[in-house]
Amino acid sequence: MPSTIYLIPSLLDENASNVLPAYIVEAVKDCQVFFVEDERSARRFLKKIWKEMVIDDYEWFVANKTTIMQPDINHVFRSKLKEEKNIGIISEAGCPGVADPGQPLVAIAHSMGATIKPLVGPSSILLALMASGMNGQQFSFTGYLPIDTAERIKALRDLENESARKNITQIFMETPYRNDQLLETIIKTCRPSTKLCIAANLTGENEFIQTRTIEDWKKKLPVLHKQPVIFLIHSQGT
C-alpha cells in the first residue's frame, strides 16, 4: 500500500494545545517515520499531545530550511516512501509547507504516488487574516521583507500600492527580534489612511490583535520585541 504523508500542524504557543483537534493524535499513531524541522522540539510537542508515545519507536529525520534542499534528505525521504512507511512532517510552528519547511518533500510524495493528508491546525497567517477585518477574498502572503532599509521601504511601498490598486490584503512577517524596527519603518513609510493589523502571540495567553490606520498607530506603538507577529496592511489609495 502506498505511503500516507501526514502534514501535522504544531502549536503556535506551547501552552495552547487545546487548539489542536483530537484526530491529530490518531494520525501520529499511524506514522512510523517523522521528518521534522527541529527534532528536539518535535519530540517534546508529540509527547505533550500523546503522553504514552514511546519516542524511540519511531525514525526521526531533520528536514529544516538548511537540509530540505539537500540531496541526502530527499534520498532518505524517497527511500521511506519505497518502503511504504507512513510519514509525519512537522514544522516548528503552524502548518508545514505554509511559510515553513515541508513543501519539497510533499512534492516528492506526489511524484511517487503517496497519499497526502493535510491536518487541521493553527496557521498564524490565516488566523491573523481572519481577525484583521481586512479583505479575506483577495490577499497575498509575502513572507519576510528585505533587511536592507532602502529595499524594505521600496517593498512596503510596492505592497501598499498593489493593495490599493487590486484591493488586496498584504500579509508579511519578521524575525521576532526585528519586529520593532519593521513596525517603525511601516509607520514612517505607509500612508496615514492605510490600515495596519498587528497580530501577536496568536492562540497564546497574551494574544494581541488590533487593526488601526497608520495615523492612529502613530499615537501609541506596541512593543513587539521577541514576540511572534504577523503584519497585515490594506490600502484604499490616497
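Here is a short walk through a sheet, the helices on it and some aromatic contacts in this predicted model.

Let's start with the sheet. Five strands form an open sheet in the order β6-β7-β10-β8-β9, and their pairing is mixed. At the edges stand β6 (139–144) and β9 (208–213); each has a single partner strand, so one side of each is left without a neighbour in the sheet. From one strand to the next, the twist averages 15°. If you look at β6 and β7 (residues 169–173), you will find parallel pairing over five bridges, with phenylalanine 139 opposite threonine 169 in β7.

Two helices pack on this sheet. Helix α5 (residues 124–132) touches β6, β7, β8 (195–200), β9 and β10 (229–234), and its direction makes about 45° with that of β10. Helix α7 (residues 179–189) touches β7, β8 and β10, with a direction about 10° from that of β10.

Now for the rings. The model has five aromatic pairs. One of them is stacked: phenylalanine 35 and phenylalanine 61 are 5.1 Å apart centre to centre, with 25° between the planes. Phenylalanine 35 belongs to strand β2 (residues 33–36) and phenylalanine 61 to strand β3 (residues 59–62), so this pair ties together parts that are 26 residues apart in sequence. Phenylalanine 35 is buried, with a relative accessible area of 0%.

Another stacked pair joins phenylalanine 172 and phenylalanine 231, at 6.0 Å centre to centre and 15° between the planes. This pair links β7 to β10 across 59 residues, and both phenylalanine 172 and phenylalanine 231 are buried.

Elsewhere, Phe34, Tyr58 and Trp60 make up one aromatic cluster. Finally, the charged end of arginine 212 sits over the ring of tryptophan 217, 4.5 Å from its centre.

Note on methods
Residues numbered from 1 in each chain as written. Predicted model: local features only at pLDDT ≥ 70, side-chain atom pairs only at ≥ 80, totals over all residues. Heavy atoms only, no water. Pairing = 2+ DSSP bridges. Helix = DSSP H or I, 4+ residues; strand = E, 2+ residues; numbered from the N terminus. Axes fitted to C-alpha atoms, helices over the stretch in contact; angles between N-to-C directions. Contact = heavy atoms within 4.5 Å. Phe/Tyr/Trp six-rings, centres within 6.5 Å; stacked < 30°, edge-to-face > 60°. Buried < 20%, exposed > 50% of the residue type's maximum accessible area, 1.4 Å probe, protein only. Lys NZ or Arg CZ within 6 Å of the ring centre and 35° of its normal.
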